[in-house]
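Work through the exercises below with the sequence and the model side by side. Try each task before reading its solution.

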Amino acid sequence: MIVLHSGVYDGRVLLWGETSAQSGAVLPARQRGRKSEVSHPPSLPYDPEATGLSVALREAGFSFAADPSARLRTGKKRIETVIAWMPTVDNQPVASSPLIAEPPKSRAKPILTPWTVTALPLSPEQAVEVLCACVGKQTLAPGVVVGSDLAFWATAM
């Protein structure tokens, strides 16, 4: 199962996802200390990575689902990593759905914290194709769920 999300950054629409952490997986502990000691945020433990994202897009019927190792004409990788600010409780990200992970049992207030996620930058044509496919739908294929942010962008379009 994967929940697809989208966002806009630097004039580009980015598509990314969340998948349930493997059974028994231990979520990484956040590094503590001065900010200068941390080179980049840790990977989101629910990140499906390039392969999972590509498989989900193919299952949803999108022809542009790229090979994770493919490169654009500019030489840039087709799929890249970006920083997403996610609600975090006790140094663990809060999943967007209980289908991905149970909500934290802590009563601590969530704070926004940076996490590294795998994202697919979409061309304007691809963005319109994805958004049109999501209008009024909760799923795009078995196991491919439209996240609430992606549904918002589809409605806004």
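The exercises concern a predicted model and go from the sheet to the cores, then to a single residue and to confidence.

**Exercise 1. Find the order of the strands in the sheet, and decide which strands stand at its edges.**

Solution.
1. The sheet is open, has seven strands and shows mixed pairing.
2. Read across, the order is S4-S3-S5-S2-S1-S7-S6.
3. The edges are taken by S4 (92–93) and S6. Each has a single partner strand, so one side of each lacks a neighbour in the sheet.
4. Two helices pack on this sheet. H1 touches S1, S2, S5, S6 and S7, and its direction makes about 55° with that of S5. H3 touches S1, S2 and S7, and its direction makes about 55° with that of S1.

**Exercise 2. Describe how strand S2 pairs with S1 and with S5.**

Solution.
1. S1 covers residues 2–9 and S2 covers residues 12–19; they pair in the antiparallel sense over eight bridges.
2. In this pairing, Ile2 is opposite Thr19 of S2.
3. Two residues separate S1 and S2, which form a hairpin. In the turn, Asp10 has a positive phi of about 55°.
4. S2 also pairs with S5 (residues 111–122), in the antiparallel sense and over four bridges.
5. Across from Trp16 stands Ala119 in S5, and across from Val13 stands Leu122 in S5.

**Exercise 3. Identify the largest nonpolar core and the elements that supply it.**

Solution.
1. The largest nonpolar core has 23 residues. Those with the most contacts inside it are Leu4, Leu57, Val130, Leu140, Val144 and Leu150.
2. At least two residues of this core come from each of S1, H1 (49–59), S5, H2 (124–134), S6 (139–141), S7 (144–146) and H3 (148–156).
3. Another core, of 15 residues, lies apart from it; Tyr46, Met86, Ala101 and Trp115 are among its members.

**Exercise 4. Is Asp47 buried or exposed, and what does Asp47 touch?**

Solution.
1. Asp47 is in the loop between S2 and H1.
2. Its relative accessible area is 12%. Buried means under 20%, so Asp47 is buried.
3. Leaving out residues up to four places away in sequence, Asp47 touches Gly17, Thr19, Thr116, Val117 and Thr118.
4. With Thr118 there is a polar contact between side chains, at 2.8 Å.

**Exercise 5. Where is the pLDDT below 50?**

Solution.
1. The average pLDDT of the chain is 84, and 80% of the residues score at least 70.
2. The pLDDT is below 50 over residues 23–37. In the model, this stretch has 17 contacts beyond near neighbours in sequence.

Key
Residues are numbered from 1 along each chain as its sequence is written. Side-chain values use heavy atoms; hydrogens and water are left out. Two strands pair if DSSP finds at least two bridges between them. A nonpolar core is a set of buried Ala, Val, Leu, Ile, Met, Phe, Trp, Tyr and Cys residues joined through side-chain atoms within 4.5 Å. Buried means under 20% relative accessible area, exposed over 50%, partly exposed in between (1.4 Å probe, protein chains only). pLDDT is the predictor's confidence in each residue, from 0 to 100. Contact means heavy atoms within 4.5 Å. A polar contact is a pair of N or O atoms within 3.5 Å; within protein, one must be able to donate a hydrogen and the other to accept it, and residues adjacent in sequence count only if both atoms are side-chain atoms. Axes are lines fitted to C-alpha atoms, for helices over the stretch in contact, and angles run from 0 to 180 degrees between N-to-C directions.
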